[in-house]
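Colleague: Could you take me through how the helices pack here, and explain the terms as you use them?

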Amino acid sequence: MKRKRHALILELIQQYEITTQDELLAKLRENGFEVTQATVSRDIRELGIHKVRAENGKYHYVSMQ
């Protein structure tokens, strides 16, 4: 389950400019993963995901791996 969730997180941040953990949490729930904000926070840390500034000046998540 964790492996599938991690794969989906990486897919979501490539597909969308996700700017908050709440937004990522909502996308995960839309895809059938009932997780908490704490789980999302831990996943972000484990996957080496960081926020970077986009051309529009907003920050969004990207994978640094």
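Modeller: The axes of α2 and helix α3 (residues 37–47) come within 10 Å and cross at roughly 105°. This is a predicted model, in which local features need pLDDT of at least 70 and side-chain atom pairs count only at pLDDT 80 or more, while totals for chains, interfaces and linings use all residues. Residues are numbered from 1 along each chain as its sequence is written, and side-chain values use heavy atoms, with hydrogens and water left out.

Colleague: What makes α2 roughly perpendicular to α3?

Modeller: The axes of α2 and α3 cross at roughly 105°, and angles of 65 to 115 degrees count as roughly perpendicular, against under 35 for roughly parallel, over 145 for roughly antiparallel and oblique for the rest, so α2 is roughly perpendicular to α3. Angles run from 0 to 180 degrees between N-to-C directions, the axes being lines fitted to C-alpha atoms.

Colleague: Which residues make that contact?

Modeller: With contact meaning heavy atoms within 4.5 Å, Gln21, Leu24, Leu25 and Leu28 of α2 meet Gln37, Val40, Ser41 and Ile44 of α3. These divide into five nonpolar, three polar and no charged residues.

Colleague: Why is α1 called oblique to α2?

Modeller: The axes of helix α1 (residues 2–15) and helix α2 (residues 21–30) come within 11 Å and cross at roughly 120°, which makes α1 oblique to α2. Arg5, Leu8, Ile9 and Leu12 in α1 meet Leu24, Lys27 and Leu28 in α2, and by class this contact has five nonpolar, no polar and two charged residues.

Colleague: What is the angle between α1 and α3?

Modeller: α1 and α3 pack at about 75°, with their axes 11 Å apart, and they are therefore roughly perpendicular to each other. On the α1 side the contact is made by Lys2, Arg5, His6, Ile9 and Leu10, and on the α3 side by Thr39, Asp43, Glu46 and Leu47.

Colleague: How do you know that Lys27 lies over the face of Tyr16?

Modeller: A charge sits over a ring if NZ of Lys or CZ of Arg is within 6 Å of the ring centre and within 35 degrees of the ring normal, and Lys27 lies over the face of Tyr16 at 3.9 Å from the ring centre.

How values were computed: Helices (H or I, at least four residues) and strands (E, at least two) are DSSP runs, numbered from the N terminus. Ala, Val, Leu, Ile, Met, Phe, Trp, Tyr, Cys and Pro count as nonpolar, Asp, Glu, Lys and Arg as charged, and the others, Gly among them, as polar.
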